[in-house]
Structures are given as structure tokens and as C-alpha cells.
Amino acid sequence: MTNEQSSPAPEIENLMAEGRAFPPPPAFVAQANAKADLYLEADDDYEAFWARLARERLTWRTPFKRTLEWDAPFAKWFTGGTLNVTENCVDRHVAAGLGDKVAYHWVGEPGDTRTITYADLLREVQQAANALLELGVRTGDRVAIYMPMIPELPIAMLACARIGAAHTVVFGGFSAEALAGRIEDAQAKLIITADGGWRRGKPVDLKTAADEAAAQSPTVEHILVVRRLGDALPASMTPGRDVWWHDIVTRQVADCPPVPVDSEHLLYILYTSGTTAKPKGIVHTSAGYLLGTSVTHEMVFDIKPDDVYWCAADIGWVTGHSYIVYGPLANATTGVLYEGAPDTPGWDRWWQIVEDYKVTVLYMAPTAIRAFMKQGEALPAARDLSSLRLLGSVGEPINPEAWLWYHLNIGRERCPIVDTWWQTETGQILISPLPGVTETKPGSATFPLPGISADVVDSNGDSVPLGQGGYLVLKRPWPAMLRGIYGDPDRYRATYWGRFPGMYFAGDGAKRDTDGYFWLLGRVDDVMNVAGHRISTIEVESALVDHPAVAEAAVVGKEDPVTGQAIFAFCTVRADVETSDELAHELREHVAKVIGPIARPRYLLFTPDLPKTRSGKIMRRLLRDVAEGRALGDTTTLADQGVVETIRAGAGRADEE
């Protein structure tokens, strides 16, 4: 493939130069779920707005008496009400005659598949819930879940919610030590795991890590194990402690009444992946979280009864909790679950799944989009993607070139793109276009959703004028917000509400353009201070990826005695591009042209790949360690631990200007 064929194409470059906006297609507007008057209703009385939705969308055992109790920074939503989350996600749909509707199309990496209807899901969740009861789990207990992307994962989560036990899902890429730390903090009494899972054609052991974590965790009484690998990787079972899923779950009766719980009952704890400090257990409760995920899933993704929706994330992260499990199931949606990597057995695997299952809505990370870009346009072009009608982006700011590649090559210029901003802590999407309402700009998450009050402030907490940047804050509570850090209210107050009194500080930087559109700039610790100038890493990365030779880029700050920090860029080029000193110079000049001379990288290293977690996020922390010559921190969550060693070995040869 020639460089011209794999480059962004003149039309993309023109679009970016023009700063074009994309109005929603008229046909999409005509059928869209969301209407512009939602903003007016929410602005008029945001508590009444959420109360109406809560009454209309959720099934209550006891109606709530009060919409919001706000003792900043602590919120209680829908107080006095009781409900059961699993009943809202499964039982009521079966009772409404939707038992034969597919809840999940599951695709295993080796090619095995399962189709699970809502009736199947109800039966298996009740059996799993009864198994939990037999193992001594009760309402209020905590259960650790450490599993691959198999159907038993959402079933286990729903089984916990059915009996009022809280789950803490630990991503299957975490180490035994990380798992043990989360179990210890949550005081979990049961681990639900699998013997392993499949990843890039190889069996990945999970049971051994669960054993090691259990050995450090005196609260663990049992380990419940799903057989996924079988003879491919035999698991060691400890008599009296370990139980096979197929031995205990399948013999249970499919009758376990859902336990009504208070609106603020703990639904789950999800730990942020800190490596140097004690992990933060983000607390999410029942009613407000379920409402927030249900409403945003239906509005942002324009979900219809016949949609086939695929959130291509891992349930081990909040994206999977909110937009693979709870939000979609609350809306009786048919979803896709995929176990494996996007490049196995080939880079067209995702497009094959879209074609096979007639996926209509696809939600994925910019990192994955850029990885597909690197492979060129031929693979998606060879597949029938005509079923797609809406695309989404999640996880990090999307650079305009990736947005446009997604629009042209996956959406075929007919699918609105919803670029969503939210966090583990927020529980639900907060800033996003409403398809059918919002005119989009490539690279912008556009506006806060109805009912959400967001602002961009300076270091004093004052709103900045349009066209300027600062810190992204939220000025009032929302239903799915975190209720705290598990067991540590003081840390919660200091971490999220201490920087700007009365405002939740998201930790992200943002700009608003002259039209009021929000442009997310990434974490503020990813903002470099170069000679007194604050430069966002995402802006420099976007400029680098805008160059036709670059497939992917990551930028960090390197300490400098003169300028404070110097910019260190790590670049992966497209498959048909040769690296050279001349190309390095060309890339620096390109950044200088796009952003300004102050943003020209001092250091530039061409790398075969970038260090990424198995969920696809670039671990810039490790790149900072490389740039500064420090010992590497925890690398256990990397998809390929050899990548960072290769980069470190080459760091001394980085081109320096």
C-alpha cells in the first residue's frame, strides 16, 4: 500500500482545516429518541426532571418520597424508595412478554458462541443467586468477581444484585497482588472467577491469581470457578473452599425472589487502578445509578427495540458495568459480548462480528480506532457494515483525524458519532452529543447532557470565557454519581471536592470554543508546563496523528532545568512508512504549524507500538518513567509487557532537537 493510499485523504485534511461541523441527518432527526426540549425541561427544574424519569423508567417496590437530599458533597437520590436492580434489568422484561428476546449474543475468541435470551438470563441469574446463598452470601456482603468476558460475568453481577450483595469486579488483566488489595479493602467473602480465558489464541490463567489473592485475604471463604479452558489449562481446586460453577449453579432451582433494597443500597464498588497509593473503591448505589445509565443509554445511543448494540469494552471497567450490563439490560436491549482481542485471528474480527450479528450501534475507544486505522481501509471495506446506524467513542478524547476515519470508513458517512465524556466516578455519560439534536464537531464531546451542569473554570474556580481552557467541573449532583470512596469519606471529600469548594473536580482539563462546545484535553496531570505555557498532551498527540505518516502517538513531559518540562513524543508510524531523522524533523515542524512553535517536541522516538492495558488505554505513566530514566512502575496490566522494555531500550537513541 502506498503512503498516499493509507494517508487521511485530501477530503479529511480539508474538513479539519475548515473545522467543519456535522448536522444530524434529517432522517435520523425524524426518528430520534431525544428531543431538544429535554434541555429546557431539565434547566427549568432538574430535580423534577430526574424524578419524572425515575417514575417512568424504573419499577419500584416502594415509591420514593424525596428526589434528592444534598448535603454537599454527599448525595442521596430517591430516598424512601425500594427496588431491585436485577428485577428492573430482567424480570420485568420477561413479565412483559420479552422472554424470547436476545439479551446477549456472545462470541468467544476461539469462535464458540452462545445466544442468551432474557428468559435464559432470568433462569441462570436465579440459579446463580441461589448458589451464592448456599455459599453463605447474604444481603450487604461483598463479592469479588475476577473473570474473562464470558456470559457468567454479567450473570454473576446480576445474581449479587438480586440478593442485595455488592460486587466488586476486578479486571482480568490485574495481578494477584492487585486483586488481593481490592478484596482486602472490600472485605469480600467470596471470589467468583474462571479457570481462565482466551487472549490472542492463548489460554490465560486466572485461577492461580485468584488462589494467590485468597491466600492473602482472610475474609474469603469460597472461590466459585467457571470452567472455561478445561483441559487447555487444568485448574487446581482446594477441597472445601473451591467449587465448580457447573457443580453448584446448575443444580439450583430457578426460583430466587429478588430482594427489595433501599434506593441508596450499595450496588457495587469499582476500584480505580492506582499503583502507588491505596486503590480508591468508587461506591455506586442502586436507584440513581440504574436510572442514570438507563436514561443515557437510551438517549445517547438512540436505542430502539430492534437494535443490536455492541459496547466493545471489558466489563472489568466502568464502561462495561454501565453500558454492557446495567444500562442496556434496563432498556431490554440486545447486546453483543466478545471475549477476545480485536486482532485475533485477524484485524477484521470486529467487522466480521458487526456483519454476522447485524450490529446497529457500536461503541468503542479511540485507541482501538487508531489501531484499526494503522491497518488501513481495506479490511472494513471488505465487510458489510450497512447495519450500523450510530457510532460511539469512549475512554479518552478522540483526535479529529480518528473521528473522521471512523466516520468515513466505519460509518460510511451516514452514522452520527457520539463522543462521550464520563468517568468511573460519574457512573453515567455526562457530556455527549444527543444524536438527532446536536451538530457535532470532530474531536469535541459537544455539550453537557440534559440535567448536567458542567463548567470550565480557572485556578480560582471562576468560569473562563468562551474560547479559553481550564479545569472541568460539575456544579450540581446527578443520579449516578459516586457516593464516596469505600470506607473513606474524608478521602472522598478531599480528592473530588477539595480543589474547588462546592464543585466536583473531574481531574480533566477542557476548553470551550466560541460556540460553547466542550473539548476535553485529558487529565490535568497530562498537561505539560513548557516555559510557562500549559500544553495539553492530547493536543500534541492529535497534531502528530494528523500527519499522514503517523498511526499513533503518545506525549509526556520530561523534566528540563530551563523550561520546566520538555515535550517527549513517542510515535508509531503506519505500516508502509520508513522512519528517519528527516521524518522526525518533519513531524516537529508539523506540530509547530498546527499548534505553535512552543509545542514542538524536543525529544521524538519512533516505537513499534505503545504500552497499553488490555482495555486499550495507553499507559502514559510508564512512558513518563521511560522519559525520566526512572525504574518502571507496575506493568502487570499491560497487554504486552515486552513493549515498554523495547521502548526503554531505545529511549537513549531518541532524536533530540
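In this predicted model, strand β28 and strand β29 (residues 603-606) run parallel and are joined by four bridges. Within this pairing, Phe 606 of β29 is the bridge partner of Cys 571. Strand β28, which spans residues 564-573, is mostly covered, with eight of its 10 residues buried.

**Strand β28 and its antiparallel pairing**

- Strand β27 (residues 550-560) runs antiparallel to β28, and 10 bridges join the two strands.
- A hairpin is formed by β27 and β28, with three residues between them.
- The residue opposite Gly 557 is Ile 567, which belongs to β28.

**The seven-strand sheet**

- Seven strands make up an open sheet of mixed pairing, in the order β5-β4-β17-β16-β18-β19-β20.
- The edges are taken by β5 and β20 (417-419); each has a single partner strand, so one side of each lacks a neighbour in the sheet.
- From one strand to the next, the twist of this sheet averages 15°.
- Strand β4 (residues 102-107) and strand β5 (residues 113-117) run antiparallel and are joined by five bridges.
- Thr 117 in β5 is the bridge partner of Val 102.
- The hairpin of β4 and β5 has five residues between the strands, and Gly 111 in this hairpin takes a positive phi near 115°.
- Parallel pairing is found between strand β18 (residues 361-364) and strand β19 (residues 390-393), over four bridges.
- Ser 393 in β19 is the bridge partner of Met 364.

- Helix α13 lies across β4, β16 (308-311), β17 (334-338) and β18, and its direction is at about 160° to β16.
- Two packed helices are described by the angle between their axes and the distance between the axes.
- For helix α6 (residues 85-98) and helix α13 (residues 318-330), the axes come within 8 Å and cross at roughly 55°.
- The helices α6 and α13 are therefore oblique to each other.
- The crossing of α6 and α13 is left-handed.
- On the α6 side the contact is made by Val 85, Asn 88, Cys 89, Arg 92 and His 93, and on the α13 side by Tyr 326, Leu 329 and Ala 330.
- Sorted by class, the contact of α6 with α13 has five nonpolar, two polar and one charged residues.

**Helices α19 and α20**

- The axes of helix α19 (residues 537-545) and helix α20 (residues 581-594) cross at roughly 120° and come within 9 Å.
- The helices α19 and α20 are therefore oblique to each other.
- The crossing of α19 and α20 is right-handed.
- Helix α19 contributes Val 540, Ala 543 and Leu 544 to the contact, while α20 contributes Leu 587, His 590, Val 591 and Val 594.
- The class count for the contact of α19 with α20 is six nonpolar, one polar and no charged residues.

**The four-strand sheet**

- A further open sheet has four strands in the order β21-β22-β23-β24, with antiparallel pairing.
- Its edge strands are β21 (454-457) and β24 (518-523), each of which pairs on one side only.
- The twist in this sheet averages 45° from one strand to the next.
- Strand β22 (residues 469-474) and strand β23 (residues 504-512) run antiparallel and are joined by five bridges.
- Leu 474 has Tyr 504 of β23 opposite it.

- Helix α17 (residues 400-410) is mostly covered, since 10 of its 11 residues are buried.
- Arg 412, which follows α17, has a positive phi near 50°.

**The loop residue Arg 251**

- Arg 251 is placed in the loop between α11 (245-248) and β13 (261-262).
- With a relative accessible area of 53%, Arg 251 is exposed.
- Arg 251 and Asn 130 are 121 residues apart along the chain, and their C-alpha atoms are separated by 9.7 Å.

Conventions:
Residues numbered from 1 in each chain as written. Predicted model: local features only at pLDDT ≥ 70, side-chain atom pairs only at ≥ 80, totals over all residues. Heavy atoms only, no water. Axes fitted to C-alpha atoms, helices over the stretch in contact; angles between N-to-C directions. Parallel < 35°, antiparallel > 145°, perpendicular 65-115°, else oblique. Left-handed = near helix turned anticlockwise from the far one by under 90°. Contact = heavy atoms within 4.5 Å. Nonpolar A, V, L, I, M, F, W, Y, C, P; charged D, E, K, R; others polar. Buried < 20%, exposed > 50% of the residue type's maximum accessible area, 1.4 Å probe, protein only. Pairing = 2+ DSSP bridges.
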